[in-house]
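Me: I have a model open and would like to learn how to read its features. Where do we start?

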Amino acid sequence: GEPDLDGLKRELQTRFGVEIDVSSLPTSEGLESVTESVLSSVSNKYEERETQISDERMRSLERFLVLNTIDSKWKDHLREMDVLKRGIGLRGYAQQDPRVEYKREGYEKFEEMLGAVAEEVTTLLLRLEIHEQDNQRLETRWAGQKTSGGGRESVGQAGMNPESMAAVQQGRERAADMAGRRAVAQPVRREGPRIGRNEPCPCGSGKKYKRCCGRKER
């Protein structure tokens, strides 16, 4: 059917703050041309934002938003993987290999997480309101604040104070530590038929069940 151009206009305005004139979209040339025109409008919005706060500060702001968003989305991803792990054994009733399904669905969830990160960071970058006093604070923080690590700029150059930077770093470390502990400590709980002790472990480790998750049932 015909594309919902008014809905597209509202979505772009709400999510990215991008205004488009739907009457100027090349609808007669097909969906691909409409997509290119919309992407061009979003790209122009991004370039305006970059000009507003400078290239260097834009890179610093992007790094902060990406790291902070990954920290949040990764925790959600771990919770989803826990839910998947607890119920994956039931796939055996549908004549599906739980190991194969766990890998397949886990990969899909990881891809979804990456997409959610990209969408949220783009939204934040384009919706961010920068006022004159903010620019002055950014300029003050930018001057002379270089780290000693090979010329890399600190996240604080985007207006973050050291305490906030430390909190973000600690959050990332906790998420990584949590991932490691869960990967080691939590066995796959199978609700389906009992697994033979010499069969491959359904967690996908490649070990026999008795040498892997089955050890925790002793």
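Reply: Start with a cut-off: a residue is buried under 20% relative accessible area, exposed over 50%, and partly exposed in between. Aspartate 76, at 29%, is therefore partly exposed. Keep in mind that this is a predicted model.

Me: Which residue forms a salt bridge with aspartate 76?

Reply: Arginine 79 does, with the closest N and O atoms 2.2 Å apart.

Me: How many salt bridges does the structure hold?

Reply: It holds 13. One of them pairs glutamate 101 with arginine 91, at 4.0 Å between the closest N and O atoms. This pair links distant parts of the chain, since glutamate 101 lies in helix 4 and arginine 91 in the loop between helix 3 and helix 4.

Me: Is glutamate 101 buried or exposed?

Reply: Glutamate 101 is buried, at 11%, whereas arginine 91 counts as partly exposed at 23%.

Me: How do I read two packed helices?

Reply: Two packed helices are described by the angle and the distance between their axes. Here, the axes of helix 1 and helix 4 come within 8 Å and cross at roughly 80°. Angles of 65 to 115 degrees count as roughly perpendicular, so helix 1 and helix 4 are roughly perpendicular to each other. Helix 1 makes the contact through Gln13, Thr14, Arg15 and Phe16, and helix 4 through Glu119, Thr122, Thr123, Leu126 and Arg127.

Definitions and conventions
Residues are numbered from 1 along each chain as its sequence is written. This is a predicted model: local features need pLDDT of at least 70, side-chain atom pairs count only at pLDDT 80 or more; totals for chains, interfaces and linings use all residues. Side-chain values use heavy atoms; hydrogens and water are left out. Axes are lines fitted to C-alpha atoms, for helices over the stretch in contact, and angles run from 0 to 180 degrees between N-to-C directions. Helices (H or I, at least four residues) and strands (E, at least two) are DSSP runs, numbered from the N terminus. Angles under 35 degrees count as roughly parallel, over 145 as roughly antiparallel, 65 to 115 as roughly perpendicular and the rest as oblique. Contact means heavy atoms within 4.5 Å. A salt bridge is a side-chain nitrogen of Lys or Arg within 4 Å of a carboxyl oxygen of Asp or Glu. Buried means under 20% relative accessible area, exposed over 50%, partly exposed in between (1.4 Å probe, protein chains only).
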